[in-house]
Amino acid sequence: MTFGRRNGLGGASRMDFLLPEVETVVEIKMTRPSLSTKLLGEQLIVDIAKYKQHPMCRSLFCVVYDPSGRITNPRGVENDLSGDNEKMNVRVMIVPR
């Protein structure tokens, strides 16, 4: 397993995990007051597009930890951004449920 720490939009750091044995990336985010539902969606769309180009990524799991319930309509966000195509399978999960 490899992983990297990098700065995201607004200087927030987040951790990505590449599991090369199963060609899978796990993206982990945590909500904060400055991360609106719209901004989260925009960030995930950028991440999905980036990982579609990655040669070792056939599955992407995006886990968003939202302990304060800041994300409005979390199931809608999950449904809008999750999906399968010939290049990559994407699953978005906002927790806790």
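In helix H2, the buried residues are Gly-76, Val-77, Glu-78 and Leu-81. Helices (H or I, at least four residues) and strands (E, at least two) are DSSP runs, numbered from the N terminus. Buried means under 20% relative accessible area, with a 1.4 Å probe and protein chains only. The model is predicted: local features need pLDDT of at least 70, and side-chain atom pairs count only at pLDDT 80 or more, whereas totals for chains, interfaces and linings use all residues. Residues are numbered from 1 along each chain as its sequence is written, and side-chain values use heavy atoms, with hydrogens and water left out.

The cover over the buried residues of H2 includes helix H1 (37–52), strand S5 (83–84) and strand S6 (89–95). Two of the buried residues, Glu-78 and Leu-81, are described below.

Glu-78 belongs to helix H2, which spans residues 74–81. Its relative accessible area is 6%, so Glu-78 is buried. When neighbours within four places in sequence are left aside, Glu-78 is in contact (heavy atoms within 4.5 Å) with Val-92, Met-93, Ile-94 and Arg-97. A polar atom of the Glu-78 side chain lies 2.7 Å from the backbone nitrogen of Ile-94.

Leu-81 is also placed in helix H2. Leu-81 counts as buried because its relative accessible area is 16%. With neighbours within four places in sequence again left aside, Leu-81 is in contact with Gly-41, Leu-44, Ile-45, Ile-48, Val-90 and Val-92. Of these, Gly-41 is 40 residues from Leu-81 along the chain, and the two C-alpha atoms are separated by 8.0 Å.

Note on methods: Buried means under 20% relative accessible area, exposed over 50%, partly exposed in between (1.4 Å probe, protein chains only). A polar contact is a pair of N or O atoms within 3.5 Å; within protein, one must be able to donate a hydrogen and the other to accept it, and residues adjacent in sequence count only if both atoms are side-chain atoms.
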